[in-house]
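Please open the structure in a viewer and keep the selection tool at hand.

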Amino acid sequence: MKYSIKVNEVANGSENIRGIASVTLGDSFKLNNIKIMNDPREENRLFVAMPSYKNNEGEYKDIFNPNTKEFRNELYDNILDAYHELHDVQAKNSYTVEYNKRDTKMPDFNVRVTPYEREGSTIKGLASISFDGMSVNNVSIKQGTEKMFVSMPSYKTSQTDEKGNAVYKDMCHPVTAKFRDKLYGAILQEYENALEQTNEKDSVIGKLDENKESIEKSEKNSKTKEKSAKEHEQHKRDDVQR
């Protein structure tokens, strides 16, 4: 898969953050806010940190990350190489490099969606995207005013809009309208499929519960009749003895 890396040096950031990188997969999907950081355990050593989010259990999870060891090693090494190259390019604060240039097709992908319901929430599903070598998590399917839409994971910036509201930016996003339509269409279709499967499962469980209740009721009635019959026989024997 073709991909490009762009690295920017951070001049006035945290002393641990040396640079910010972005990766574009196949000229179609961009991954932002990848940090190049000082390793506190080893002097003059840098490492790559993917953006993360805090889940409901208080654990931090990567928003996107390489899904194979081979691609992780390749990508991280290339990001660090690009950062070092940045210092060799005079009068520039960014550096871009491309890999696998001959592969010009859109990247292949698979999506997985889990329907999600919480009272008062516009989020109706959570999705993940798997590219060749890279996985993207925490993608949301939301209920809009008129229809469902896909929302990529985002972060809050220090900027505000004309109404004073906080401005959010996507951590990752499609680059072209053509790929956006293809990707978002696949996510929404998979949501419909997953929702249908969930409804079918709930229907089956409901029928099983009904059958269980019917069987239990039948067994109860049978035991009641059996008890009544035994009592009747006992009364008859008592009458004969008298």
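In this tour, a residue is called buried when its relative accessible area is under 20%, exposed when that area is over 50%, and partly exposed in between (1.4 Å probe, protein chains only). The model is predicted, so local features need pLDDT of at least 70 and side-chain atom pairs count only at pLDDT 80 or more, while totals for chains, interfaces and linings use all residues. Residues are numbered from 1 along each chain as its sequence is written, and side-chain values use heavy atoms, with hydrogens and water left out.

**The whole chain**

Begin with the protein chain in a cartoon view. Its secondary structure comes to two helices and 15 strands; helices (H or I, at least four residues) and strands (E, at least two) are DSSP runs, numbered from the N terminus. The chain has 242 residues, of which 29% count as buried. Switch to a surface view: the accessible surface comes to about 16,600 Å², and 43% of it belongs to carbon and sulfur atoms. Accessible areas come from the Shrake-Rupley method with a 1.4 Å probe, and for residues only the protein chains shown count as cover. A contact means heavy atoms within 4.5 Å. Among contacts in the chain with a separation of 6 or more, 47% are between residues 24 or more positions apart.

**Helix α1**

Select residues 69-86, which form helix α1 and include glutamate 85. How accessible is glutamate 85? Glutamate 85 is partly exposed, with a relative accessible area of 36%. Glu85 also belongs to a negative surface patch, together with Glu74, Asp77, Asp81 and Asp88. Such patches are made of residues with over 30% relative accessible area and no salt bridge; like charges are joined within 9 Å, and nonpolar side chains (Val, Leu, Ile, Met, Phe, Trp, Tyr) within 5 Å. Lys and Arg count as positive and Asp and Glu as negative, whereas His and the chain ends are not counted. Each charge is placed at NZ of Lys, CZ of Arg, CG of Asp or CD of Glu.

Next, select tyrosine 83, which lies in helix α1 as well. Is tyrosine 83 buried or exposed? Tyrosine 83 is buried, because its relative accessible area is 1%. Leaving out residues up to four places away in sequence, tyrosine 83 touches Val7, Glu9, Arg18, Gly19, Ile36 and Leu46.

**Salt bridges**

A salt bridge is a side-chain nitrogen of Lys or Arg within 4 Å of a carboxyl oxygen of Asp or Glu. By this rule there are seven salt bridges. Select aspartate 27 and lysine 2, whose side chains meet in one of them (2.8 Å, N to O). The pair links distant parts of the chain, 25 residues apart: aspartate 27 is in the loop between β2 (17-25) and β3 (29-38), and lysine 2 is in the segment before β1 (3-9). Aspartate 27 is partly exposed at 38% relative accessibility, whereas lysine 2 is buried at 10%.

Move to aspartate 39 and arginine 45, which form a salt bridge (2.5 Å, N to O). Here aspartate 39 is buried at 7% relative accessibility, and arginine 45 is partly exposed at 34%. Then select arginine 180 and aspartate 181, a further salt-bridged pair (3.8 Å, N to O). Arginine 180 is partly exposed at 36%, and aspartate 181 is exposed at 51%.

**Backbone angles**

Most residues other than glycine have a negative phi. Return to aspartate 27, where phi is positive, about 55°, although the residue is not a glycine. Asparagine 138, also not a glycine, has a positive phi of about 60°. Asparagine 138 lies in strand β11 and is partly exposed at 29% relative accessibility.

**Strand β11**

Remain on strand β11, residues 134-143, and select serine 140 within the strand. Serine 140 is buried, with a relative accessible area of 9%. Which residues does serine 140 contact, leaving aside its neighbours within four places in sequence? They are Ile123, Gly125, Leu126, Phe149, Val150 and Ser151.
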